[in-house]
Amino acid sequence: MKEDNCLHAALICLGMLCYSHAITTEKLNHTRPSLHGHHEKGKEGQVLHRSKRGWVWNQFFVIEEYTGPDPVLVGRLHSDIDSGDGNIKYILSGEGAGIIFVIDDKSGNIHATKTLDREERAQYTLTAQAVDRNTNRPLEPPSEFIVKVQDINDNPPEFLHENYHANVPERSNVGTSVIQVTASDADDPTYGNSAKLVYSILEGQPYFSVEAQTGIIRTALPNMDREAKEEYHVVIQAKDMGGHMGGLSGTTKVTITLTDVNDNPPKFPQSVYQMSVSEAAVPGEEVGRVKAKDPDIGENGLVAYNIIDGDGMDTFEITTDYETQEGVVKLKKLLDFETKKSYSLKVEAANVHIDPKFISNGPFKDTVTVKISVEDADEPPVFLKPSYIFEVQENAASGTVVGKVHAKDPDAANSAIRYSIDRHTDLERYFIINAEDGNIKTIKALDREEIAWHNISVFAVEVHKQHQEAKVPVAIKVIDVNDNAPKFAAAYEAFVCENARSNQQFITISADDKDDSANGPRFIFSLPPEIIHNPNFTLRDNRDNTASVLVRRDGFSRQKQDLYLLPIVISDGGLPPMSSTNTLTIRVCGCDSNGSLLSCNAEAYILNAGLSTGALIAILACIVILLVIVVLFVTLKRQKKEPLIVFEEEDVRENIITYDDEGGGEEDTEAFDIATLQNPDGINGFIPRKDIKPEYQYMPRPGLRPAPNSVDVDDFINTRIQEADNDPTAPPYDSIQIYGYEGRGSVAGSLSSLESATTDSDLDYDYLQNWGPRFKKLADLYGSKDTFDDDS
C-alpha cells in the first residue's frame, strides 16, 4: 500500500511537469501580439498586414484520480488583447463546463473541480471565448480545445473467466497446447506500461507451463498417466507494467483433466476359470462369467471376448456384457452326462479400439483357459417326437386304436415309463391310453360334425420317480363319414299367383349338408317317383347345387285350394350317397297384373279367425290401466297413518278432564276411576310400536314384577319409567313423557284439603286475627287448635 502511494505521488509530479511544459510551449508558440503592432514587407516593397488571432492551442492534460485538497489547475487562457485592466471576460463552454471544469473569468485559469477517471471518459472538448465585460461583445472568435485525462496505473488485470476447464490427452508430448487464458487491463494501452501484461504460472509446476506474452498453457512433463492422476489444478497470474515491480496483478484457476487413451491392454486376473453346468440345462442358459481388467475407460476400455480353441467350441459360446465388461459363457447345445463329462475352452479378451500410437506397448489382448464340468441330473422322460398327429374315422366302434406314443428315460438307469391322458384336455373322456405301451383307443363313438379335431395331452412318468414326468401334445383328426343327408338350406315358403302361367319360375331352392365337402355337394334335386308327373308344379335341377320350382299349368284358384305341399328329394355326392325328402309349402296368393303380391289366403284366414293386432293392443292397454289403478288404490289405503302404540281404547291421558270439586291428588281415587289410566294391553308385556320395526323382540327384564289390576299410581308410574329406561327398542322418538307424581313420598306434599284438619302444623296463624273481618273465617279455622288447647 505504501509503494502504491509513492507511485501515485510520482505520477502526479510527472503530470504537473508535463502540464508546466505544455503551458510554456503554448505561450511561446501560440500567443500572438496585438492586431496593430506587426507589419511585414512583401515582394516589390509592398506592405502586407498579417491576420492574427488572440489565442491558438491544441490540448491540455490533467492526471486522473487526483485527490489533492485543492482543485487541479488544468491550464490558462490568455488573449493578446488583454491589457490586464479587467475589461476582458473569459467564458468556458462545452463538455463538463461549469460542473467539472471552471474558469476564472478575469485571469483565464481553468481548474478541475472533480476527480477524473480515464476509464470512464478519456477526454473533454471545450470552447473558450473572450468577451467585453461591460457589453458582452465577443472580442475574439470562439476557439475549441481538448482536455485529455492522463492515465495512471489504477486498474489490475482481469481474466475473462474466473475458472477455466480444459482437457488434454494423457501421455501427450511436452509443449502440447492445453488452453489459452486471456486477461484485460482497463488502463490506457498507448501510454506507458500500465496495460502491458505478462503471464506466469503460480501453481501447477512441473506439469504445465504458460507463455508469458500469449497466456497459452502447455504440457511440461512427458508421459503423464491418467490412471496415476487424472485432474490437475493450475493457477495463472497476469501482471501489468510489463511484469515489473509495482505492477498490479490478477489470477485465475484452470482445471486440467487428462483424457484417456488406449495405452493399457486387458489382463485376466487368473489363468484358469473353473465352471460347472447341469446336463439338464437348456441352450442359452448361462454357465459362468470371465472378466479381463482394463484400466482404460470409455471406448478405450471396451473388451470383446471370443472362444479361439478347445473341445467345447461347438457346445458353448461366449458373449460380451458391455455394461459389466464381462464375458458370458452360455450353453449352445444340449449336454449328456453319460456321453461327455467335461469340456475345455480357450477364451481371448481383446480391446475393441486400438490406438496405433501405443501399439508398441504390446498386444492389446489376453487369453485364459475355461474348464467346464458337466453335472449329472435326473432327467425326465423324453418322447421320441415333440408332438403326435393321429386319424380315426367318425362313428368308429369303442376300443378302436387311434395311435401309439413312446417315451424313454434318458438316464443310465432307464426306468420304466407309465402313460396317462391329461383329463383337463379330454373332459368328455373320448379316449383311453394303455399305461404300459402308450396305445390310445376310443371309448365312445366320435362325431366329426360335433368335433373335427381332438387335442389332448399325454403324460409320461417314471415308475420309481413320480416327480419326473414329460408331456406331449397329441392331435387326433376325425375322418368324415357320409352320415348326414342333405336338407333345405332354409325354411322355404313359396307363393304363387292365381294368374300364374305355365313354366313360370317362382322360387329357387338350395341345400346344406353337415358332412365334409367330399361327402356333400354336388346335390341332386328331384321329385319323388310317385309325383313325378305332378299336374301343378315341376322341378328343374340347375346343376349348381340349386333347383328351380316352376308352375306346370295356367292359373290357380284360392277358393278351391290355397295351399300345396310339394315333396322334393335331395341327394348328396358321398359314397354311398344319402338323400332326404323335404317338403316345400306353396301358398296361392292374389297378384296384380305385374305379378306383385296383394293378399294371400293365410292373411285372410287370420283376419276372420281372430282379432286384429290393433284390437289386441287396445285390450291389453285397458287391462294394464286397470291394474295400475288397483295398485294405486291399495297403496294409498295402506299409507293411511295408524297410531304408534296399539290400544284397545283411547289413552285417557290425551284428554283434558275438568272437575268442579277439589280432589285429593293422585291418592284420591273417589273422583274418578284410576284404572282408566292403565293400559290393559301393556300391563304385563311389551307395548308394540308402529313407527319402527324393532331389530329384535323386546323381552321383559327379569326382576320386573307385573302390575296388578288394582295398582297404585306410584307403582304404575315407576314401573313404566323403568320399562322405558331399559327398553332398547322403544326410544322416546321425540315424545316427552313427564311423570310428576304428587302424593305419598312427594317433597312438595299434597295440595288436597281433605285431611287438612288432622294435619299437624308448626305454623302460627294468630296473625290472621289482625287482618280484619274478611279473614275472620280463616282465623277461626286455623286458630281452632290453639283454642282447643286453651279450653282443655
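# Strands, bridges and a helix: a chat

Reader: How does C622 count at 48% relative accessibility?
Author: Keep in mind that we're looking at a predicted model. Buried needs a value under 20%, and exposed needs one over 50%. C622 has 48% relative accessibility, so this cysteine counts as partly exposed.

Reader: Which cysteine is joined to C497 by a disulfide?
Author: A disulfide is a covalent bond between the sulfur atoms of two cysteines. The structure holds 2 of them. In one, the S to S distance is 2.0 Å, and the partner of C497 is C591.

Reader: How far apart in sequence are the parts that C497 and C591 tie together?
Author: Both C497 and C591 are buried. C497 sits in strand β36 (residues 493-497) and C591 in strand β42 (residues 579-591), so the parts being tied together are separated in sequence by 94 residues.

Reader: Is the disulfide of C497 and C591 left-handed or right-handed?
Author: Look at the torsion about the S-S bond. For C497 and C591 that torsion is about -85°, so the disulfide is left-handed.

Reader: And where does C600 lie, the cysteine that a disulfide joins to C589?
Author: C589 and C600 have their sulfurs 1.8 Å apart, and this link is right-handed, with 100° about the S-S bond. The two cysteines are 11 residues apart, with C589 in strand β42. Both C589 and C600 are buried. As for C600, its place is strand β43 (residues 597-600).

Reader: What pattern do the disulfides follow along the protein chain?
Author: The two links are C497 to C591 and C589 to C600. Counting the bonded cysteines along the chain, the pattern is 1-3, 2-4.

Reader: Which residue does R587 meet in a salt bridge?
Author: R587 lies in strand β42 and its partner in strand β36, so the pair ties together parts that are 94 residues apart in sequence. With 2.7 Å from N to O, the partner is E493.

Reader: What is the N to O distance in the salt bridge of R418 and E436?
Author: R418 lies in strand β30 (residues 417-421) and E436 in the loop between β31 and β32, so this pair ties together parts 18 residues apart in sequence. R418 counts as partly exposed at 39%, while E436 counts as exposed at 56%. Their side chains meet at an N to O distance of 2.9 Å.

Reader: How far apart should the ends of helix α4 be?
Author: Helix α4 runs over residues 713-726, which makes 14 residues at 1.5 Å each. The expected span uses one less than the number of residues.

Reader: By about how much of the helix are R720 and E723 separated?
Author: R720 and E723 are both buried, and their side chains meet in a salt bridge (3.7 Å, N to O). An α-helix has 3.6 residues a turn, so residues three or four places apart point the same way. R720 and E723 are 3 residues apart in α4, so the separation is about one helical turn.

Reader: Which strands stand at the edges of the open sheet of 4 strands?
Author: The strand order is β11-β18-β17-β14, with mixed pairing. An edge strand has a single partner, so one side of it is left without a neighbour in the sheet. The strands in that position are β11 and β14.

Reader: In strand β23, which residue stands opposite E317?
Author: Strand β22 (residues 316-321) pairs with β23 in the antiparallel sense over 6 bridges. Strand β20 (residues 286-290) also runs antiparallel to β23, joined by 4 bridges, and there E286 stands opposite K330. Opposite E317 stands K330.

Reader: Which residues form the covered face of strand β7?
Author: In a regular strand the side chains alternate between the two faces of the sheet. Strand β7 (residues 109-112) has N109 and H111 on its uncovered face. On the covered face are I110 and A112.

Technical notes: Residues are numbered from 1 along each chain as its sequence is written. This is a predicted model: local features need pLDDT of at least 70, side-chain atom pairs count only at pLDDT 80 or more; totals for chains, interfaces and linings use all residues. Side-chain values use heavy atoms; hydrogens and water are left out. Two strands pair if DSSP finds at least two bridges between them. A disulfide is a pair of cysteine sulfur atoms within 2.5 Å. Buried means under 20% relative accessible area, exposed over 50%, partly exposed in between (1.4 Å probe, protein chains only). A salt bridge is a side-chain nitrogen of Lys or Arg within 4 Å of a carboxyl oxygen of Asp or Glu.
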